[in-house]
Amino acid sequence: MANVGEGAGAFSEGEREPHPLDSLRTFGAVVQALREHAGLSRVEFGERVRFSKHTVESVELGRRMPDELFVERGEEATGNTGALRRAAPYLSRGEVGLAAWFREWARLERTAVSLCTYECRLVPGLLQSEAYARAVFEGTIPVVTDERLEALLAARAERQRMLVERPTTLFSFIVEEHVFRRRFGDAEAMWGMLDHVLELTSRRNVTLQVVPLDSALHACLDGPVRLLETPERRRVGYAEGQQSGRLISDANEVSLLHQRYDTLRSQALNPQETRALLERLRGER
C-alpha cells in the first residue's frame, strides 16, 4: 500500500511502526482516573471542558494529543489537583502512528518554511479527509488492529493541523488528476473528500495544482517527490518506496528534484483551473 511513510503501513513489532506513545496512554489513564474519581461520565466531563465525548475518549485512550485548553479545563473539572498540569509537559507530540523512516522528515516538517509535494498514487496525507485516510489504512496489508487504526488516524489528523496552525508556511501540492478520480467508499465519501481538499486549499498559504489526464509525459514520472526548506534555508528532499523511505540532503540531488518539481509546476493546471476541475468532479458524483 502506497504512502506508508505517512502512516499507511503496519510492520514488525518494535522495528518500523511504533505503538501509541506511552506518555499519551499514561496521561489518558490519569485523565480517566480523575474523571471517574470526580463521578463524571465522559459526556459530563466533555461538557465541562467544552470538548466532545469522542475527544475525551480519544485523549483517555492515548489516541489524541490534548491541547492546553483541555488540560486547564480538565484540571478545573477534576478539583485542581495539579496532576494534569504537571504531566502535560512530558507528552510527546506527533510520533504516534508514524513509520520509523518517516519520523525525521515529520520532525523537519514541523518547522519548515515551505513544503512541496508531488503525488501520483493517492491524495497527499496532509489533504486527506478522515474517511479517505480510514479507507487507506483499512486497506493495509497486513491488516492493522482497531487500536492501531485509530492511532494512525490520530497521527494523520495531527499532521494536518499544520495547514491551519502555520498560516505563513507555504504549502505546494501537485497531484495527478487520476488520484482524485480513484473511487473509495460511496458517493458521499467521495464528495466529502473533494470538499475537504477544496476547503484546505482555499487558504492563502496552500496551493494545489492538478496534472490533467491528457497531459504529456513529464519529468516527475520516477515517483512522488517531497521537498522542504528549513528556517536556516537548507533544502531537503524525501523519497519513499513500499517498505522504506530516504531523507535526501545531498545538494546536487535536492537541486535536481527542485528542477523537476518546478518544471512540472509550469505544466500543471494553475490553482484556479485546478479548483474548477475539482468542483466539476464534485458535481459528477
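Two strands pair if DSSP finds at least two bridges between them. Keep that rule in hand for the sheet below.

1. **The model.** This is a predicted model: local features need pLDDT of at least 70, side-chain atom pairs count only at pLDDT 80 or more, and totals for chains, interfaces and linings use all residues. Residues are numbered from 1 along each chain as its sequence is written, and side-chain values use heavy atoms, leaving out hydrogens and water.

2. **The chain as a whole.** The chain has 12 helices and six strands. Helices (H or I, at least four residues) and strands (E, at least two) are DSSP runs, numbered from the N terminus. Of the 285 residues, 48% are buried. Buried means under 20% relative accessible area, exposed over 50%, and partly exposed in between (1.4 Å probe, protein chains only). The chain exposes about 14,000 Å², an area from the Shrake-Rupley method with a 1.4 Å probe; for residues, only the protein chains shown count as cover. Carbon and sulfur atoms supply 49% of that area.

3. Six strands form an open sheet in the order 3-2-1-4-5-6, with mixed pairing. Strand 3 (206-211) and strand 6 (245-248) are the edge strands, each pairing on one side only. From one strand to the next, the twist averages 15°. Axes are lines fitted to C-alpha atoms, for helices over the stretch in contact, and angles run from 0 to 180 degrees between N-to-C directions.

4. **Strands 1 and 2.** Strand 1 (residues 114-119) and strand 2 (residues 170-176) run parallel, joined by six bridges. Glu 119 has Val 175 in strand 2 as its bridge partner.

5. **A helix across the sheet.** Which helix lies across strand 1 and strand 2? Helix 11 (residues 251-267) does, and it also lies across strand 3, strand 4 (225-229), strand 5 (235-240) and strand 6. Helix 11 runs at about 70° to strand 2.

6. **Cys 120.** This residue sits in the loop between strand 1 and helix 7 (130-138). Cys 120 is partly exposed, at 22% relative accessible area. Leaving aside residues up to four places away in sequence, Cys 120 touches Glu 176, His 178, Val 179, Gly 223 and Pro 224. Contact means heavy atoms within 4.5 Å. Cys 120 and Val 179 are 59 residues apart in sequence, yet 6.6 Å apart in space, C-alpha to C-alpha.

7. **Helix 2.** Phe 45, Gly 46 and Val 49 are the buried residues of helix 2 (residues 42-49). Seen down the helix axis, they fall within an arc of 100°, so they line one face. That arc is taken from the directions from the helix axis to the C-beta atoms. Glu 47 and Arg 48 are exposed, on the face turned away from the buried side. Arg 50 follows helix 2 and has a positive phi, near 65°.

8. **Salt bridges.** A salt bridge is a side-chain nitrogen of Lys or Arg within 4 Å of a carboxyl oxygen of Asp or Glu. The count by this rule is 21. Arg 42 meets Glu 60 in one of them (2.7 Å, N to O). Arg 42 lies in helix 2 and Glu 60 in helix 3, so the pair ties together parts 18 residues apart in sequence. Glu 60 counts as buried, at 3% relative accessibility. Arg 42 also meets Glu 57 (3.7 Å, N to O). A network of salt bridges links Arg 35, Glu 36, Arg 42, Glu 57 and Glu 60.
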